Amino acid sequence: MKRNGIKALGAAVVALLGLVVAPQAAAATLTEVTNFGTNPSNLRMHLYRPDRVAAKPAVLLAVHYCGGSGQAFHSGTEFARLADQHGFVVIYPTVTRNSKCFDVSSPQALRRDGGSDPVGLMSMVRYVLQRHNGDPARVFVTGASSGAMMTNVMLANYPDVFSAGAAFAGVPAGCFATTNGSEWNSQCANGTLLRTPQQWGDIARSAYPGYTGKRPRVQLWHGTQDEILRYPNFGEEIDQWTNVHGLPPTPTSTDSPQPNWTRTRYGDRVEAISLQGTGHSLPAGGMALRAIQFFGLDTGQEAAALPNSFRWSSSGVLISPKPDATHANLAVKDPTVVFHNGRYHVFASTYTNGYNLVYLSFTDFSQAAAAPHHYLDRTAIGAGYRAAPQVFYFAPQRLWYLVYQTGAGGSYSTTTDISRPETWSAPRNFYSSMPQIIRDNIGNGYWVDFWNVCDSAKCYLFSADDNGHLYRSETTVGEFPNGFRNTVIAMQDANRYRLFEAPNVYKVGNQYLLLVEAIGTDGRRWFRSWTGPAITGPWTALADSEPNPFARANTTTFPSGQWTRDISHGELIRSGTDQAMEISPCRLRFLYQGLDPNAGGDYNRLPWRLGLLSQTNSAC
């Protein structure tokens with residue numbers, strides 16, 4: 001047995017996967033199950049059943065990497081949080097042999113009911129279907145590295161059981177086959193075991209001879225710089241599963257849903273995502289969501305999961321100004337945030353004797369205070385009035401957009417790499433002049449806080465006027481960022497302070513959530529909320545009063561001490577990065593600006609700081 005190969009694989013995967021995902025803790029608990037059925041290789045089984053589960057839940061088998069465990073795969077990936085949101089059950093198996101790798105090599109493992117790990121895994125699935133009223137029409141499998149290899153093996157061995165699978169950094173079913181008892185196949189790992197699509201398809205079909213029924217859909221993920229299971233295996237996997245489905249290995253469509261991702265589709269049966277510059281560090285943040293969307297598990301409970309009232313716990317101050325020789329900043333405010341490639345990327349306004357923008361990034365909010373500040377007036381964005389940013393990835397163009405307000409109204413810059421602040425382009429304007437309807441209604445207010453959100457056909461640009469009006473312009477996805485027109489008043493309030501500024505619009509399942517900042521009767525800032533079936537509304541009040549706000553100091557606890565009475569301009573942390581502005585309704589987090597309650601004077605010179613709200617009354 002090539003122990004050095006197995007040990008290297010396990011150590012490398014543990015080191016890599018421990019760094020790339022920032023999951024939130026799940027509400028329910030992971031429970032070990034014993035005596036679950038035939039178990040020839042002495043696997044352990046842990047089960048994650050959410051507190052709120054569907055009446056007949058889908059079942060996901062989530063298979064760990066070499067050197068890992070079911071408990072580690074549960075805590076280090078996002079599948080449990082997604083199960084909380086969507087009501088499915090997750091099985092987390094654990095290997096007990098010394099290598100901590102699943103058997104994807106022995107003749108017993110590579111045929112249906114032949115023995116070894118696949119038999120024990122199937123016992124777990126049958127146990128959950130019987131004991132937890134699982135839906136046999138919605139059984140899925142996913143895994144990373146060794147778990148991805150086992151995903152492909154299970155899809156080949158049990159095509160009548162699994163509806164679909166998602167393999168993160170794997171190899172074709174049968175590629176790791178050995179006949180000498182070794183768990184390691186260097187030729188396969190190095191990507192030099194090359195076969196024709198027909199040969200790979202025959203290997204998968206031979207796992208269950210004579211089967212002629214429907215085959216599972218397959219989603220494949222691989223990094224181009226994978227140093228453990230080399231990238232050529234990705235193409236071999238595509239060849240295998242397209243052949244199994246009787247499809248040519250030529251994609252029917254190609255797109256880029258995230259930066260450095262190339263997604264190819266082969267009909268509606270096979271989907272493959274190539275990750276430029278990525279190693280063996282899968283799944284990273286947001287990829288688990290893409291997998292459960294591919295499975296069709298992202299519907300059914302979203303509306304119920306968004307409560308009618310919200311309770312929060314606030315961090316202390318996380319981000320403060322970092323003055324330097326040319327930036328004597330008094331405030332940092334108006335944050336926008338995305339989580340991409342294992343890091344939070346935050347852009348915000350700063351104020352010295354005028355407004356400009358700053359960028360910082362970190363892997364966890366506990367590191368935010370130490371993160372370096374990169375001032376964007378040193379880039380092509382330039383000096384002058386720039387404030388209130390919004391950042392998102394516009395997938396149709398494979399570009400990041402930074403939207404912000406300037407003296408010309410709404411402006412934007414673009415880059416292909418969000419992590420390199422020096423690459424942002426010079427500002428360009430959305431409008432040639434202020435739309436007449438805004439000119440007619442703005443009064444003594446200001447045209448501020450531009451927010452873009454898109455559906456499949458159109459992009460919508462929202463803005464406020466500090467005078468009780470919320471405006472909305474539209475253009476087509478194909479024309480974006482040009483062509484904004486048909487500007488209308490999307491919402492208005494006779495009391496300007498109740499509909500003041502900082503509009504946010506998010507996609508939540510099959511509906512949309514609108515947030516707008518208000519100024520309360522006590523002079524403190526807070527947020528109102530509405531929901532609607534479309535970006536254009538109609539909007540129905542959700543939590544929009546001072547006694548029942550979306551976010552306000554009176555519904556927030558401050559475990560480290562109340563450092564602010566204002567919950568002002570902020571942004572929810574999204575489940576994705578793109579123009580859809582999608583969030584999970586479970587355990588919301590809101591990055592916001594707060595203020596020392598004793599501070600006063602000129603608004604522009606107030607000492608704003610950034611903190612993080614975490615929802616404490618999530619329904620899931």
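**Cysteines, a buried arginine and some enclosed space**

Modeller: Going by sulfur atoms within 2.5 Å of each other as the rule for a disulfide, the count comes to three disulfides. This is a predicted model, where local features need pLDDT of at least 70 and side-chain atom pairs pLDDT 80 or more, while totals for chains, interfaces and linings use all residues. Residues are numbered from 1 along each chain as its sequence is written, and side-chain values use heavy atoms, with hydrogens and water left out.

Colleague: What makes Cys66 and Cys101 a disulfide?

Modeller: Their S to S distance is 1.7 Å, which is within the limit, so the pair counts. The link is right-handed, with 130° about the S-S bond. Cys66 sits in the loop between strand E3 (59-63) and helix H2 (70-76), and Cys101 in the loop between strand E4 (89-94) and helix H4 (116-131), so the bond ties together parts that are 35 residues apart in sequence. Helices here are DSSP runs of H or I with at least four residues, strands are runs of E with at least two, and both are numbered from the N terminus.

Colleague: And why is the link of Cys175 and Cys188 called right-handed?

Modeller: The torsion about its S-S bond is about 125°, so that's the hand it gets. Cys175 lies in the loop between strand E6 (164-168) and helix H6 (186-189), and Cys188 in helix H6, 13 residues apart. S to S is 2.0 Å for this pair.

Colleague: How do you know whether Cys454 is buried or exposed?

Modeller: Its relative accessible area is 3%. Buried means under 20%, exposed over 50% and partly exposed in between, using a 1.4 Å probe and protein chains only, so Cys454 is buried.

Colleague: What makes you say Arg215 has no salt bridge?

Modeller: A salt bridge needs a side-chain nitrogen of Lys or Arg within 4 Å of a carboxyl oxygen of Asp or Glu. For Arg215, which is buried, the nearest side chain of opposite charge is Asp160, 8.2 Å away. That isn't within 4 Å, so no bridge is called. Leaving aside neighbours within four places in sequence, Arg215 is in contact (heavy atoms within 4.5 Å) with residues including Pro159, His245 and Arg269.

Colleague: Why is helix H3 described as largely enclosed?

Modeller: Eight of its eight residues (79-86) are buried, so the rest of the structure largely encloses it. Among them are Arg81, Asp84 and His86. Just after H3, Gly87 takes a positive phi of about 80°.

Colleague: What makes a space a cavity and what makes it a pocket?

Modeller: On a 1 Å grid over the protein atoms alone, a cavity is a set of points where a 1.4 Å probe fits but cannot get out, whereas a pocket is an open set with protein on both sides within 12 Å along at least five of seven lines. The search finds two cavities of 30 Å³ or more. The largest cavity holds about 70 Å³, and among the lining residues closest to its centre are Trp451 and His569; lining means having an atom within 4 Å of a point.

Colleague: What is the volume of the second largest pocket?

Modeller: About 340 Å³, volume being the space filled by probe spheres set on the grid points, which are joined across faces, edges and corners. Of its 20 lining residues, the closest to the centre include Gln405, Asp466 and Tyr603.

Key. Lys and Arg count as positive and Asp and Glu as negative; His and the chain ends are not counted.
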